[in-house]
Structures are given as structure tokens and as C-alpha cells.
Amino acid sequence: MAPKKKTAGEKTSGKKQSAAVSRLKDISTLSRKELSERSRKFSKRFCVGDGEKFQLKKYSTDPDIDLGPEDKPVMKRTLEVGVETLAELQDKMYAQDKWSLLLIFQAMDAAGKDGAIKHVMSGVNPQGCQVTSFKAPNPEELDHDYLWRCQKNMPERGRIGIFNRSYYEEVLVVRVHEPILKAQKLPEKLVTPDIWKNRFKDIRNYEKYMYRNGTKIVKFFLNVSGKEQKKRFIERIDNPEKNWKFSSADAKERSYWKDYMKAYEEMIMYTSTRESPWYVVPADNKSYARIVIVSAIINAMADLNLEYPTVSKEKIAELQAIRQALIDEK
């Protein structure tokens with residue numbers, strides 16, 4: 001039987017898909033230098049950099065390529081290669097002990113933050129990585145400035161820190177829900193119409209300070225659509241093993257969707273810089289989102305010129321003497 005004739009739309013889709021798959025298939029043949037360059041080029045399209053003219057509507061929640069079930073093996077292998085490269089870079093960072101890296105993940109509920117952290121960081125040595133998830137502040141935290149609890153969890157030199165939510169909640173959920181701001185015990189004269197611009201400025205200055213002291217900060221906004229979030233919510237309700245992930249509060253927040261999108265847009269506009277950029281990740285496809293994230297991390301770490309410490313001639317001679325002594329042992 002002759003194959004069914006494709007429509008013009010299907011032909012276009014097929015071409016897009018073929019081009020996408022061809023870009024991914026040969027990735028495991030690349031050298032580490034070539035992979036770093038590929039990661040830089042790929043992640044660049046999602047990087048905001050200087051956010052002065054940022055508009056969220058210009059960033060899609062879908063990948064810019066068509067991917068079907070038949071492409072899953074390619075996507076899986078691409079992520080594996082990225083994770084392997086990331087593990088090597090992290091090992092060098094740990095040994096060099098000069099830089100640290102902070103990864104910040106912000107998103108609406110069900111955008112895939114937990115899964116992205118789990119899959120992207122799966123190959124990293126636990127000794128060089130720490131994850132902190134921030135919930136509603138407790139009484140002790142409310143008695144301090146809003147950066148305090150995050151400052152306590154900043155990564156040490158040589159380590160990768162991961163914030164699942166962060167101080168950015170202070171210009172997101174706190175902004176959308178005014179009663180939260182009122183509960184923060186701030187002096188009344190400091191709660192002015194300029195409070196959000198002041199917080200944006202404080203955050204920019206703080207991140208600049210951290211960079212100047214050897215902490216590179218890379219931030220990810222997982223850009224999920226309302227339609228996809230709805231689908232994932234229903235899946236969590238229908239699957240008993242995922243019921244624990246869902247709460248009525250998650251559904252309630254959907255009614256503030258427009259307010260959140262405005263808050264996210266201004267957050268990225270005022271706090272994305274070249275040194276501490278935001279990446280707007282199309283999150284409707286989880287596999288693709290994870291490849292974007294690992295590519296951006298590889299790009300950020302490659303810029304740090306990470307190398308293993310150089311061993312002196314004297315140290316090498318000492319090691320050789322010890323080696324010979326071990327061989328001569330009876």
C-alpha cells in the first residue's frame with residue numbers, strides 16, 4: 001500500500017522535526033570543547049541577559065521544534081551527555097575551590113522544577129552540591145530581612161547550590177498577595193509604592209556583590225502555559241501516587257495567573273543582568289526543558305575557566321617517591 005500523502009502542514013512539521021533531531025543525534029560525538037560551544041549557542045536563545053526591554057509574551061512555553069514519542073531516546077541521550085559534562089565541570093570546580101555556582105528555579109506550580117533538579121543534577125557528586133527548598137518563612141525568618149534565610153544557604157566555594165524558589169518569592173507571591181507583605185513586620189513608612197522597585201534594586205546589588213566575590217548566579221524561569229498546568233494538575237489528581245503533590249492552594253493560585261505573569265515579567269525585566277542572567281525555559285515539554293537547563297549550566301560553568309589545580313614539580317617528585325616506596329613494600 002502506498003504511504004498516505006502528507007499535507008503541507010505535516011511536511012513542514014516533518015522538516016522541523018528532522019532538523020531538530022539531526023541537531024541532537026550527533027551530540028555524543030562532540031569533544032568537551034565542542035559541546036560547550038554547542039551548549040552556548042543552544043542556550044543563548046533562552047537567555048535574557050540585560051532585561052531592560054524584556055517582554056514575556058515573546059517567549060513561548062513550547063519548544064521551537066516538533067518532538068514526538070519516537071524522539072525520546074535522542075532526548076534522553078542528549079540529557080545524559082549534558083549531565084556527564086556537567087559532572088566533569090563540577091569536579092573541576094570542587095578541586096579548584098575558587099568559584100561557586102548558584103542555580104535558582106522559579107515557576108508556577110507543576111512547571112517541573114523538582115523534576116528538572118532531579119534529572120539535571122543526577123550525575124553530580126553529592127559532596128559538591130546542595131539543594132535548598134524555600135517554603136513560607138517561619139517566625140525566626142520573619143524577624144530578619146528577606147534575604148537572610150537565603151544568605152545562610154549560599155553555596156561554599158567549589159560547590160553548586162540550588163534554590164527551589166528563593167528570595168524572588170518576595171517580588172512574586174508577596175506582591176500578588178498583599179496580606180503576606182503586611183505580615184512581614186516592616187515599618188509602615190517603608191511600605192511605599194516603590195517597595196518593589198527597591199527590592200529589585202536590592203536583589204541586583206546583592207547578586208552583583210556575590211559575583212564579585214566568586215559566586216556565579218544563574219536563574220531559570222520555567223515558563224509553563226496555563227493549559228499545560230491544568231493538564232498536569234488533573235494527572236496529579238487522577239494518579240494516586242501523585243496525590244501528595246497536589247493541594248487546593250495550587251488550584252487557587254491559578255485564579256491569579258495574570259497577576260503572576262505580570263510579576264514574573266517585571267521580575268525578569270529588572271533583575272536579569274549579564275553576570276546573573278535569567279533563562280526563560282519553555283516548560284510544556286519536560287524533556288526539552290531539562291536539555292535547555294543543562295545547556296545553560298554548562299555554558300555558565302565553561303565561562304569560569306575551571307581547571308584542576310596545577311601540581312608543582314616538587315609535589316610530583318614527592319608523589320613518585322611515595323609510589324616507589326609503596327611498590328617496594330614487602
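**A lysine and its surroundings**

Tutor: The model is a predicted one. Lys113 belongs to helix H4, which covers residues 113-120.

Student: Which side chain of opposite charge is nearest to Lys113, and how far away is it?

Tutor: That side chain is Asp109, at 5.3 Å. Lys113 is buried and has no salt bridge, because a salt bridge requires a side-chain nitrogen of Lys or Arg within 4 Å of a carboxyl oxygen of Asp or Glu.

Student: What does Lys113 touch, leaving aside residues up to four places away in sequence?

Tutor: Lys113 touches Phe105, Gln106, Ala107 and Met108, and also Asn164, Arg165 and Leu222.

Student: Staying in that region, where is Ala110 found?

Tutor: Ala110 is in the loop that runs between strand E1 (100-107) and H4. Its phi is positive, about 70 degrees, although Ala110 is not a glycine.

Student: What is phi in Lys185?

Tutor: Phi of Lys185 is near 65 degrees, which is again a positive value in a residue other than glycine. Lys185 sits in the loop between helix H8 (178-182) and helix H9 (195-212). With a relative accessible area of 56%, Lys185 is exposed.

Student: Changing topic, how many disulfides does a search of the whole structure find?

Tutor: The search finds 0 disulfides. Cys150, for instance, is in no disulfide, and the nearest cysteine sulfur, that of Cys129, is 16 Å away.

Student: Why does Cys150 count as buried?

Tutor: Cys150 counts as buried because its relative accessibility is 1%. Cys47, at 24% relative accessibility, counts as partly exposed.

Student: Now the surface. Which residues make the nonpolar patch?

Tutor: The patch is made by Val311, Ile316, Leu319, Ile322 and Leu326, and its area is about 430 Å².

Student: Where does Leu326 lie, and why does it count as exposed?

Tutor: Leu326 lies in helix H14, residues 313-328. Leu326 counts as exposed because its relative accessibility is 53%, and the cut-off for exposed is over 50%.

Key. Residues are numbered from 1 along each chain as its sequence is written. This is a predicted model: local features need pLDDT of at least 70, side-chain atom pairs count only at pLDDT 80 or more; totals for chains, interfaces and linings use all residues. Side-chain values use heavy atoms; hydrogens and water are left out. Helices (H or I, at least four residues) and strands (E, at least two) are DSSP runs, numbered from the N terminus. Buried means under 20% relative accessible area, exposed over 50%, partly exposed in between (1.4 Å probe, protein chains only). Lys and Arg count as positive and Asp and Glu as negative; His and the chain ends are not counted. Contact means heavy atoms within 4.5 Å. Patches are made of residues with over 30% relative accessible area and no salt bridge: like charges are joined within 9 Å, nonpolar side chains (Val, Leu, Ile, Met, Phe, Trp, Tyr) within 5 Å. Accessible areas come from the Shrake-Rupley method with a 1.4 Å probe; for residues, only the protein chains shown count as cover. A disulfide is a pair of cysteine sulfur atoms within 2.5 Å.
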